[in-house]
Amino acid sequence: MRNRSGAGFLEILFITALLLLFGVTTYTLVSVGGSSYQRVMDKRDVNVSARVALSYLTTQLRMNDVAGGVEIRTLENGVQCLVLKDAATGGAYETLVYCYNGNLWEAPVETGTPVDLTFGSPIAPLRDLSFEYSESTNTLRLCVTAGEGTMRREMETLVHLQSGADTGETT
């Protein structure tokens with residue numbers, strides 16, 4: 001008869017090594033999958049922010065596309081903003097849309113009042129917003145930037161304005 005005491009120890013050692021290998025492989029796959037998932041979700045959030053900002057701006061421009069309803073203005077602190085004048089109140093109120101402190105903001109104000117950039121409501125996380133109006137084609141080019149680093153996303157669109165836009169002076 002053979003002595004199995006040595007074989008039993010080797011079998012236990014082999015099974016333990018297989019279990020450890022299975023555990024390390026499972027942990028590695030779960031951690032790699034988790035970080036990949038997080039990167040995909042972060043990229044999705046940046047894309048959603050840029051799309052929401054462009055959609056919001058386009059909708060607001062189309063809603064206010066009446067004579068004298070849209071103006072591009074640079075505020076005294078250098079922030080470029082889109083001014084949407086409220087035709088229902090005879091121009092007594094206007095809505096300022098601008099990018100400040102990492103967000104797209106909407107601030108309804110009384111016409112002619114000083115502007116506090118933190119007064120409004122944040123619409124979407126946004127790094128940068130720029131406007132470029134072409135009088136010859138009556139189009140407003142909107143460019144938004146969301147995210148930063150490798151997650152940076154730039155999107156732009158052209159909005160044709162039926163009534164045109166005013167390019168205001170610094171207030």
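Because the model is predicted, local features are reported only at pLDDT of at least 70 and side-chain atom pairs only at pLDDT 80 or more, whereas totals for chains, interfaces and linings use all residues. Residues are numbered from 1 along each chain as its sequence is written, and side-chain values use heavy atoms, with hydrogens and water left out.

The protein contains 1 helix and 9 strands, where helices (H or I, at least four residues) and strands (E, at least two) are DSSP runs numbered from the N terminus. Along the sequence these elements follow the pattern α-β-β-β-β-β-β-β-β-β. The radius of gyration is 28 Å, well over the 16 Å that the globule rule gives for 171 residues, so the protein is more spread out than a compact globule; the radius is taken over C-alpha atoms, and the rule is 2.2 Å times the number of residues to the power 0.38. Taken along the principal axes, the box filled by the C-alpha atoms is roughly 105 × 35 × 25 Å.

Buried residues account for 32% of the 171 residues, with buried denoting under 20% relative accessible area, exposed over 50%, and partly exposed the range in between (1.4 Å probe, protein chains only). The protein exposes about 10900 Å², of which carbon and sulfur atoms supply 57%; these accessible areas come from the Shrake-Rupley method with a 1.4 Å probe, and for residues only the protein chains shown count as cover. Among contacts (heavy atoms within 4.5 Å) with a separation of 6 or more, 39% involve residues 24 or more positions apart. There are 13 positive and 19 negative side chains, and the centres of the two sets lie 19 Å apart; Lys and Arg count as positive and Asp and Glu as negative, while His and the chain ends are not counted, and the place of a charge is NZ of Lys, CZ of Arg, CG of Asp or CD of Glu.

Strand β3 pairs with strands on either side of it in the numbering, pairing being assigned if DSSP finds at least two bridges between two strands. The pairing of β2 with β3 is antiparallel over 5 bridges, and K85 stands opposite E94 of β3. Strands β3 and β4 also run antiparallel and are joined by 8 bridges, with V97 partnered by E106 in β4. Of the 8 residues of β3, 6 are buried, so this strand is largely enclosed by the rest of the structure.

Within strand β2, which comprises residues 80-85, lies V83, a residue that counts as buried at 0% relative accessibility. When residues up to four places away in sequence are not counted, V83 touches G69, V70, E71, R73, E94, T95 and L96. By contrast, V83 and R39 are 44 residues apart in sequence and lie 36 Å apart in space, C-alpha to C-alpha.

The hairpin of β3 and β4 has 2 residues between its strands, and N101 there takes a positive phi near 55°. This residue lies in the loop between β3 (93-100) and β4 (103-110) and counts as exposed at 64% relative accessibility. A positive phi near 55° is also found at N138, a residue other than glycine, which is placed in the loop between β6 (128-134) and β7 (139-146).

Strands β7 and β8 pair in the antiparallel sense over 8 bridges, and the bridge partner of A146 in β8 is R153. The hairpin formed by these strands has 6 residues between them, and G147 in its turn has a positive phi of about 75°. T145, located in β7, counts as buried at 2% relative accessibility. Apart from neighbours within four places in sequence, T145 is in contact with L126, R127, D128, R152, R153 and E154.

S163 and V70 are 93 residues apart in sequence, while their C-alpha atoms lie 8.6 Å apart in space.
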